[in-house]
Amino acid sequence: MSKTYVAVDIGASSGRLMLSQINDQKLNLKEIHRFNNGFEKENGHDCWEIEQIIDEIFKGLEKVKALGYDDIVLGIDTWAVDYVLVGMDGIKIQNPVSYRDSRTKNALEELTTDVPKSLIYKKTGIQFLNFNTLYQLYTENKDELKNTDKIMMIPDYIGYVLTGNAVTEVTNASTTQMLNLREGLFDKDLLKKVHVDQNQFPRLVESGTVLGNIRHVWHTKYDIPETEVITVATHDTASAVLGTPGIDDRWAFLSSGTWSLLGTELNVPEIGDLAFESNYTNEWGAYGTYRFLKNIMGLWMIQNVKHNLDDKYSFAQLAELAGHEKPFAQFIDVNDESFINPDNMIQAIQDYCVRTDQTVPQSPGEISMAIYSNLALYYANELENLNNILGYKLDALNIVGGGSNVKLLNQLTSTLADIPVFAGPSEATAIGNLVVQMITEDEINNIADAREIIRNTYQISEYKPEINKYGGILKDYQNFLNGKIKVNN
């Protein structure tokens, strides 16, 4: 009889608890609890309500117990780069500031005037994003840092609250841009630049480490099962890649959610000049792998548009409306900083088109198509870059996450990138979280076997390139990104 496993999977906009067992070499997956997540203004900064997140986890565990499960295994994954400062008394000093907060606006430029980007990249292999933990700590309140006993990444902090045990799991820690690839430890020179000591981070552990049982005190407050917590691949993208059913070793992944993470899985990091110039990252993965990828703005844009339209349309309805509109009516650099955290995404897109002297989308369908068609163009461009960096052509693109359900986007991507697309499963992050638990508990042998089980469990949709459909539109888009052409539709 299989053990009962629960994945706590928390993204920037929502969280959920997913329950699973493995039977006849197939996974079953059931959503037990879902809750909204977001940041609120606190002391002038956009902050996560971390205690509310933890309370929602316990509410979910009470539902698990109510279903008759008295003994479970649990793993936690969340987004990357953000952290909690914990004082000498073991209590958080403040709510964690969101990576979308404006405090790091100039931090990257300021820090890299003193430490060359090329040196940081050789040390860490991590892409330059102004919200990386390195730049967040650079702007952190120095008095609060002095009073900090431990700096914990978000999932590590949640695990600490649940069990009382503190660790730093490597897949999330690598996104800080402070782990040294050669030493396998936090880089002392970079820590010194942000006034942090290596001892302020709990010990580094690999994915699949047993963290401990949920503390007795929580059983007196909540009616929850006996729970063993396993430190899984705590960065949600790391879990999503583990839950991607790629075959052989020349497949690309696109984890399509609030962010789009496009890349491939490597056994050795790639830190050559072309990777550095293209701003690709080598995030640490589970079981000795590296996620070589590029961050792309992703479905954050359409999520905001949905809210800007007062949630009158579902995501499926917005995609349907987009399908009735002409694609590529305007070119948009979806990674433009104006889209990171605008007051109004629709206005930000329209203002961008005005600034670049292009057709301004007006209707919900036009705005949605502007997002989807330009995401597909950006994906295709980055797949070409990825092939060039690797020196060989990737054979397939596996799209997982919520975006794998957007047929319009999947087909546009396949055609523009001239690559077969395999879409699904949409719950890859939770699945990746779960299979690490199952490997740790000896119910699955290894990640290769886990991916075979995933292929046997879930229906994967295939999209094939439509030959010669859009002419030279990708080349025009690349010229636009490189500033070689000005589009005036």
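Which residues does Thr231 touch, not counting residues up to four places away in sequence? They are Val167, Glu169, Val205, Glu206, Ser207, Gly208, Thr209 and Leu211. Thr231 itself sits in strand β14, and with a relative accessibility of 5% it counts as buried. Please keep in mind as you browse that this is a predicted model.

**Annotated binding site**

- An unreviewed UniProt entry gives the feature "binding site" at Ala80, His235, Asp236, Thr237 and Asn295.
- These positions are spread over 216 residues of sequence, yet they cluster in space, with a largest C-alpha distance of 13.8 Å.
- From this set, Asn295 belongs to the lining of the second largest pocket.
- His235 is placed in the loop between β14 (226–231) and α10 (236–242).
- Because its relative accessible area is 6%, under the 20% cut-off, His235 is classed as buried.
- Once neighbours within four places in sequence are left aside, the contacts of His235 are Thr78, Trp79, Ala80, Glu169, Thr171, Asn172, Thr175, Glu283 and Arg291.
- Thr237 is found in helix α10, and its relative accessibility of 4% makes it buried.
- Not counting residues up to four places away in sequence, Thr237 touches Ser255, Leu261, Arg291 and Leu293.

**Annotated active site**

- The unreviewed UniProt entry also places the feature "active site" at Asp236, a residue of helix α10.
- Asp236 has a relative accessibility of 17%; buried means under 20%, so Asp236 counts as buried.
- Beyond residues up to four places away in sequence, Asp236 touches Asp9, Ile10, Asp77, Thr78, Trp79 and Thr429.

**Annotated domain**

- According to the unreviewed UniProt entry, the feature "domain: Carbohydrate kinase FGGY C-terminal" covers residues 253–439.
- Over residues 253–439 the chain is 45% helix and 16% strand.
- The end C-alpha atoms of that stretch are 22 Å apart.

- Helix α12 spans residues 300–308, and seven of its nine residues are buried, so the helix is largely enclosed by the rest of the structure.
- The buried residues of α12 are Trp300, Met301, Ile302, Gln303, Asn304, Val305 and Lys306.
- Their cover includes α13 (315–323), α14 (345–355) and α15 (364–390).
- Two packed helices are described by the angle between their axes and the distance between the axes.
- For α12 and α15, the axes come within 10 Å and cross at roughly 170°.
- Since angles over 145 degrees count as roughly antiparallel, α12 is roughly antiparallel to α15.
- On the α12 side, this contact is made by Met301, Ile302 and Val305; α15 contributes Ile367, Ser368, Ile371 and Tyr372.
- Asp310, which follows α12, has a positive phi near 60°.

**Backbone details**

- Most residues other than glycine have a negative phi, and most peptide bonds are trans.
- Gln177 is not a glycine, yet its phi is positive at about 65°.
- The place of Gln177 is the loop between α7 (170–173) and β10 (179–180), and with a relative accessible area of 0% it is buried.
- Asn279, also a residue other than glycine, has a positive phi near 60°.
- Asn279 lies in the loop between α11 (273–277) and β17 (281–284), where its relative accessibility of 19% counts as buried.
- Gly424 and Pro425 are joined by a cis peptide bond, with omega about 0°.
- Pro425 is located in the loop between β20 (421–423) and α17 (428–440).

**Cysteines**

- How many disulfides does the structure hold? The number is zero.
- A disulfide is a covalent bond between the sulfur atoms of two cysteines.
- Cys47 counts as buried at 4% relative accessibility, and Cys353 is buried with a relative accessible area of 0%.

**An exposed loop residue**

- Is Ile467 buried or exposed? Ile467 is exposed, as its relative accessible area is 64% and exposed means over 50%.
- The loop between β21 (461–463) and α19 (473–481) contains Ile467.
- Ile467 and Thr415 are 52 residues apart along the chain, and their C-alpha atoms are separated by 7.1 Å.

Terms used: Residues are numbered from 1 along each chain as its sequence is written. This is a predicted model: local features need pLDDT of at least 70, side-chain atom pairs count only at pLDDT 80 or more; totals for chains, interfaces and linings use all residues. Side-chain values use heavy atoms; hydrogens and water are left out. UniProt positions are given in the numbering used here, feature names are shortened, and annotations may be inferred rather than shown by experiment. On a 1 Å grid over the protein atoms alone, a cavity is a set of points where a 1.4 Å probe fits but cannot get out, and a pocket is an open set with protein on both sides within 12 Å along at least five of seven lines; lining residues have an atom within 4 Å of a point. Helices (H or I, at least four residues) and strands (E, at least two) are DSSP runs, numbered from the N terminus. Buried means under 20% relative accessible area, exposed over 50%, partly exposed in between (1.4 Å probe, protein chains only). Contact means heavy atoms within 4.5 Å. A disulfide is a pair of cysteine sulfur atoms within 2.5 Å. Axes are lines fitted to C-alpha atoms, for helices over the stretch in contact, and angles run from 0 to 180 degrees between N-to-C directions. Angles under 35 degrees count as roughly parallel, over 145 as roughly antiparallel, 65 to 115 as roughly perpendicular and the rest as oblique.
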